[in-house]
Amino acid sequence: MNKRISAVLCTATAMAAVLAVPTAAHADDPYPSFTTYTENNGSVVLDFPTTGDDPKNLKVHLRKKNTAERVATITKFTAVPGEICSPSCEDDLTGWLPLTTGSLKLAALGEYSVDVEYDGTRGESVLHKDRATLNYQISPSLTHLASSNEVSLAHPDTTVSGKLWLFDPRDGSRKPFAGGALTAKTSTGSTRLTADAQGRFESRVTLSGRDHEGEDHEDMPHASVPLEVEANGLKESESVRVPVTSVPGRISLDTPTLTGPYGTQGKAGGTVTWQADDGTWKPAPAGVGLKTDAGQWVSTDDAGHFTASPEFRKDEWWGIFGATWVEADDHVQLDTTAGTAFSGLDVAVDRNKKVTVRGRFGRGEIPAGVTSLTADVQTSADGRTGWSTVRSVEVATRPGANAEAQIDTTLPDGAQGYVRLRYAGTPDIHGSASPVAEALAADFTAAPGLPDSTLPSAPRVAPLTTRFDFTGTEPSEKVRFLAVDFGDGSGERLVRADTLDHTYKAPGAYEVKVTVENEEGVKSSVAKTVQVDYAASGYVATEPFRLLDTRTAKTPVKGGAVTPVDLPLGGGASGQPLSRSMASAVLNVTVTDATQDTHLTVWASGLPRPSTSNVNVRAGETSSNTVTVPVGADGRIQAQLNSGSASLIVDFVGYYQPNAGERFSPLAPTRVLDTRTTGGALPGGKTRTVKVAGVNGIPADAKAVALNLTGTGATQPAHVIAYPDPAKRPATSNLNVEPGKDKSNQAVVPVGPNGTITLFTNTGSTHLVLDAVGYYGKDGKALFTPVVPQRLADSRTTGKVAPGATTTVSGLPANAVGAVLNITATDSNGPGFLTAYGFGATRPGASSLNTLPGITVPNHVTTPVGPGGKVSIFNSHGGPNHVITDLLGYFTQG
């Protein structure tokens, strides 16, 4: 089955991992750059760095291609034997350990998307979607591969054979691939083979000195004959190992001695002959390999001649040996004279155009009496002519051998163009010059990467995506390698100066470093601080639907445990065409069946849990609240109960996205309905239609309204639903009411027919009070910017808010016109209410939250913001309260 060459895997994973080790400051995802691939036997392989602990709670989820429903979750893995990339593969790596699922047993053939999940460094779930595609098909496989005999230059023919199978991953069975066609390739040509009814095949092939050669674990020389086969779009490659018998050979050197200055290269040539069975000596055929003491590989031409390039570093014997096909050896005597050599030239230009030149200066066989040599830094406009010395560096030197000296200098006045290092030389010491290098100036720009579509088929652009543009590097067309360290513990490598999107997990300032290298090996680096923030977004109203209900699976959430919640990117099971690039979600979150007094926190996946809360609930009771939360980079949010256990219900209401949706206009709370004065209590099982658009300053074409919904005088525990279409009542809820308690919750409701919404309660009867706090529409004024939840004010540290008093909350952006807050009243002495409104404005005659004695009550509040980024909160005459204010986001015009 699709075996891999370990050396190739080692190189590839090492290259991918150089920038993959997370820093302490940004280490939520311990494996940001692990690799994932699939094999023909229906297995998934994961390559994780072995620099730390193995991944905790590792899972692989499989989904049918282009669907959201998981069909399998794998939790057991085994290490791929013999596939650990050791430190010798890359000096700065501890190693890479591939883990495999083994051949999976799925019900149906087809293409599956592979998602990988594991625990982050803080215990939160990390989900990487679409890491690979598993093409789960009946695949070809090759076994019983063999060659009939050893080969040599005298006897290059052998018969390769084996068996060809069709492997079915669903049950692990295989059957002969009768009539299957495969190809055997050697340096003398390709041979077409066909398997018989039992899957057997064999063919005579001819090898030559050009065929791949090597040594096995017993140091036995061999060549390889690759076999290739394809079925159902899956390719399989295996090689037949053919033992090689080395024939006696001779190496006849063109000259036994070479003389040259230190640091230069000589030319050692010769002819290889081999002895045939009849005792005659023949020139080696083209392609026969030789190796040297320095590890250099050379091969013969059609006349059996070869040329090698020894480097003069000291007086020594320099050996040349036959490799696989010919057994022969000889040595050249190198006579090294005084000379110099430059290496490692690096010309970098910083953001201020200062040019730094670095290089190494080697000196050997220096005659007596020499104490220093002068290395000149020279520049040229075209790199070919007009070289002029702009800086000279004196390098201390002693007779004989010298360790390489490091040259590190800057050019005057920011000289540009081509650069080289040169030693002019003397009659006694050979001069030298470094390779020519063009001054290279690394540069980049960073800007928010924003989506431009809400279509489910459009590519996802996650929140906090930053678009990097490296084309400002000069000269960009000569860049052959670019490495970027994003400052969050991850990085990327490119083969040219191009653009690249990167998604961060948290807003903040990141130190981004870019290193580029041009065709001459010259490097340049630049570092900049990149500020990453959530982008301002419009609101997209949706029909509400249930996203999660732990009661269905009887899996209550437990205190201290993180519960990941997948958002319906692309629509999922909602049946609605939702965007894959939603930036923040509006949810109604309900906690019920709590075993003790507790609270629930909701936040974006990939971030540490904030010190805020969203829902407070007492033992045995039910509490709900609207939550506006940023979407994590993996398309998830997270919820955690503080203590005890409870059932969790999450309803999806709508979402915000840049370059999409409607703008918001905040309103001072305006009463829309009070059944205590109009229409009477809403009976259980009945509906009531309420006009919300075209009245109270809300335009008739508004798309959605933000309302504070309060229930009072309930006769039984019940729930209330606010929805747009009276003919399509959703299986969701907005408010849970109880007898003897006034309870409120904010709802964002799409506007239905004729500017109305519909209200429903399931049982008993209850009075309802609706206060409009804003609307979304084409003439809306402001866009929403989410934030990582942060506490703005907590009166528990400053003292209670007295009855009839107003407290001022500051800390909002000065240009904010509206805010989304989570306001919590606690340690209340009597029933009452709180009203939030813009600082400096007239207090409205409506409420934002109803307080209850001895009960902690939170509510999602949307309110105008006054001058200086301030909000006023009024406490009614019910009794003193502690008031806690958390910021979820804000609205700005633009």
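T292 is found in strand 22, which covers residues 289-292; here helices (H or I, at least four residues) and strands (E, at least two) are DSSP runs, numbered from the N terminus. The model is a predicted one, in which local features need pLDDT of at least 70 and side-chain atom pairs count only at pLDDT 80 or more, whereas totals for chains, interfaces and linings use all residues. Residues are numbered from 1 along each chain as its sequence is written, and side-chain values use heavy atoms, with hydrogens and water left out.

With a relative accessibility of 7%, T292 counts as buried, a word that stands for under 20% relative accessible area, while exposed stands for over 50% and partly exposed for what lies in between (1.4 Å probe, protein chains only). Setting aside residues up to four places away in sequence, T292 touches A308, W318 and G319, where contact means heavy atoms within 4.5 Å. From T292 to P310 there are 18 residues in sequence, and the two C-alpha atoms are 8.8 Å apart in space.

From this residue we can turn to the chain as a whole. Its secondary structure comes to two helices and 69 strands, and of its 894 residues 53% count as buried. The radius of gyration of the chain is 37 Å, whereas a compact globule of 894 residues would have one near 29 Å; this radius is taken over C-alpha atoms, and the globule rule is 2.2 Å times the number of residues to the power 0.38. Along the principal axes, the C-alpha atoms fill a box of roughly 120 × 80 × 45 Å. Among the contacts in the chain with a separation of 6 or more, 72% are accounted for by residues 24 or more positions apart.

The chain exposes about 37000 Å², of which carbon and sulfur atoms supply 49%; accessible areas come from the Shrake-Rupley method with a 1.4 Å probe, and for residues only the protein chains shown count as cover. The chain has 77 positive and 91 negative charges, and their mean positions are 10 Å apart. In this count Lys and Arg are positive and Asp and Glu negative, while His and the chain ends are not counted, and the place of a charge is taken as NZ of Lys, CZ of Arg, CG of Asp or CD of Glu.

Not counting residues up to four places away in sequence, S113 touches H61, L62, R63, K65, N66, D130 and A132. H144, in strand 9 (residues 139-147), is by contrast exposed, at 56% relative accessibility. The phi of H144 is near 55°, a positive value in a residue other than glycine.

Strand pairing comes next. Strand 10 (residues 157-168) and strand 11 (residues 173-176) run antiparallel and are joined by four bridges, two strands being paired if DSSP finds at least two bridges between them. L166 has K175 of strand 11 as its bridge partner. These two strands form a hairpin with four residues between them, and G172 in the turn has a positive phi of about 75°. Another antiparallel pair is made by strand 38 (residues 465-469) and strand 41, which five bridges join, with F468 bridged to L500 of strand 41. Strand 41 (residues 499-503) has L500 and H502 on a covered face and T499, D501 and T503 on an uncovered one.

Further along, N696 lies in the loop between strand 55 (687-691) and strand 56 (704-712), where it is partly exposed, with a relative accessible area of 37%. Although N696 is not a glycine, its phi is positive, at about 55°. A714 sits in the loop between strand 56 and strand 57 (718-723) and is buried, with a relative accessible area of 9%. Leaving aside neighbours within four places in sequence, A714 is in contact with V737, E738, P739, G740, S765 and T766.

The last stop is K743, in strand 59 (residues 743-750), which counts as buried at 15% relative accessibility. Beyond residues up to four places away in sequence, K743 touches several others, including T622, L709, V737 and E738. K743 and N850 are 107 residues apart along the chain, yet their C-alpha atoms are separated by 6.1 Å.
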